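Subject: Structure for you to look at

Hello,

Here is the structure I said I would pass on. Please open it next to this email and follow along.

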Amino acid sequence: MKTLYEARAYSDAPRAGCAWQLERDWPRLSSDRSVDIAIIGGGFTGLNAALTLAEAGHSPLVLDAQAPGWGASGRNGGFCCLGGSALEDKQIARGHGADALAEFRKAEVDAISHVRDLLDRHGIDADRHSDGEVFMAHKPREARAFDDAVAAYAARGIAARVLDQAALTEAGLSSPGFHAGLHVRAGFALDPGAYCAGLARAAAQAGADIRAQTRVEGIETVDGQHRLRTAAGTVTARRLLVATNGYGAEDLHPWLRGRFLPVQSSVLMTRPLSRAERARQGWTSDLMAYDSRALLHYFRLLPDGRFLFGMRGGIRATARAEARSTARMIRDFRRMFPAWRDVDIPHHWSGFVNFSARLLPHLGPIDGDPSALVAMAYHGNGLAMGSYTGHLAARMLLGEDARSRVHKAPLGRFPVPALRRNLLRLAYPVAMLRDAL
Ligand SMILES: Cc1cc2nc3c(=O)[nH]c(=O)nc-3n(C[C@H](O)[C@H](O)[C@H](O)COP(=O)(O)OP(=O)(O)OC[C@H]3O[C@@H](n4cnc5c(N)ncnc54)[C@H](O)[C@@H]3O)c2cc1C
């Protein structure tokens, strides 16, 4: 199939060092099938759609080229947090109106509640921790807006507080180079592998038919029926959801070509740190955190003492490029957490997040056909937003449109789609310069 990156990015190699579990022993498709609803992609988006549909009495067929959770959903940082768009408030309000902004900000909160409820309802043990997240200012200027941010969060009903350097130390959030923190009490952290596995099991128990190692090679729509071509046979479906996010191929459906931009993100995880080691660094808190750099870092101490640290990946997806970006990540980790500079790092891996040209998450019909939807582009924050968008997609297939106006904004093509990866070549150096100044 035609993909935007080198073949290695779509192989097992980038996830080989992943610390999260992946359950691969799902059956594969073995013959032609005719179904009411098919879902392509078994990540947070596809599995949430499948669960909602199955709980409503349907039996959706989920097809994943590898296994449920094999993509970004089973290899992320586990931040169940606000987010989903790469735009700031004023940009969303300018482009789509103040009401659309308010609707989307509410959807972000609803997305977190959706995941929390789902974990509770299905008894999924995903190692939850962290009362919200902390935004760390890497320059004093980044902290200047914190007081206004506290007021803005309060207006949304979200508690937030500013932590100066002394308060950061007191809270067990010490790392050189951070001038202040903004603790926003929304969201929590979890083990994404356990969440995916629990979600897939819950969807299957409710009636979804999940098939692994079944790549859809092309979609054709004939007489209102969607025909999904796979090596094992053709699936004919009356309704369809494409939930392939950053792992989608350019030629899966002609309309989708050039409408998304996968971007690599990388994560490392240390061995468990002893209490003394944590105290030596001054990082003892279980709060998840990220910094104010344009090319941001995200990090958290897991309940078992391991430390997770992530950042953007490379522009290319060759083994050599991956080695370079891993080296960069380890260098940044050691600079930000110097007391742990000699600690073993048994795990590192990478995967695709996904961007849309408008920098907004999207849920909508493919080429105007309400029986075929696509849900994608969470801009690196798809744990909560992808889960919720998958749930909304299922409701939409059932005739109830509860999308925010932001989700409805058209999924436009990137200008000069063939060259869209070059946007990263331009954006990264500019962001690096901004971070350094
Ligand atoms: C390293 C990393 C760290 C991240 N950290 C966070 C974080 O801490 N918090 C957060 O909110 N978000 C994070 N994200 C983003 C988040 O993981 C994604 O937004 C989210 O998982 C997207 O879910 P999805 O179901 O839409 O796509 P994916 O999980 O990528 O699933 C897509 C699935 O589609 C399947 N597929 C693709 N093509 C086909 C085909 N033709 N036929 C059949 N199946 C196909 C793939 O095999 C894959 O399983 C991170 C991402 C990465 C890579």
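This is a predicted model: local features need pLDDT of at least 70, side-chain atom pairs count only at pLDDT 80 or more; totals for chains, interfaces and linings use all residues.

Helix pairs

Two packed helices are described by the angle between their axes and the distance between the axes.

Start with H1 (residues 44–55) and H7 (residues 192–206), whose axes come within 8 Å and cross at roughly 30°. Angles under 35 degrees count as roughly parallel, and H1 and H7 are therefore roughly parallel to each other. Their crossing is left-handed. On the H1 side, the residues in contact include Phe 44, Leu 47 and Leu 51; on the H7 side, Tyr 195, Cys 196 and Leu 199 are among them. By class, the contact of H1 with H7 has 13 nonpolar residues, one polar and one charged.

The other pair is H2 (residues 89–96) with H3 (residues 98–121), which pack at about 130° with axes 7 Å apart. These two helices are therefore oblique to each other. H2 contributes Asp 89, Ile 92, Ala 93 and His 96 to the contact, and H3 contributes Ala 98, Ala 100, Leu 101, Phe 104 and Arg 105. Sorted by class, these are six nonpolar, one polar and two charged residues.

Ligand

Which residues come nearest to the ligand? Of the 39 residues around the ligand, they are Thr 45, Asp 64, Ser 73, Phe 79 and Leu 383. Some individual atom pairs can also be listed:

- Ser 73: a side-chain N or O atom is 2.5 Å from an oxygen atom of the ligand.
- Phe 79: a polar backbone atom is 2.8 Å from a nitrogen atom of the ligand.
- Gly 71: a polar backbone atom is 3.5 Å from an oxygen atom of the ligand.

Regards

Methods
Residues are numbered from 1 along each chain as its sequence is written. Side-chain values use heavy atoms; hydrogens and water are left out. Axes are lines fitted to C-alpha atoms, for helices over the stretch in contact, and angles run from 0 to 180 degrees between N-to-C directions. Helices (H or I, at least four residues) and strands (E, at least two) are DSSP runs, numbered from the N terminus. Angles under 35 degrees count as roughly parallel, over 145 as roughly antiparallel, 65 to 115 as roughly perpendicular and the rest as oblique. A crossing is left-handed if the near helix is turned anticlockwise from the far one by less than a right angle, and right-handed if clockwise. Contact means heavy atoms within 4.5 Å. Ala, Val, Leu, Ile, Met, Phe, Trp, Tyr, Cys and Pro count as nonpolar, Asp, Glu, Lys and Arg as charged, and the others, Gly among them, as polar. A residue is near a molecule or strand if one of its heavy atoms lies within 4 Å of it. A polar contact is a pair of N or O atoms within 3.5 Å; within protein, one must be able to donate a hydrogen and the other to accept it, and residues adjacent in sequence count only if both atoms are side-chain atoms.
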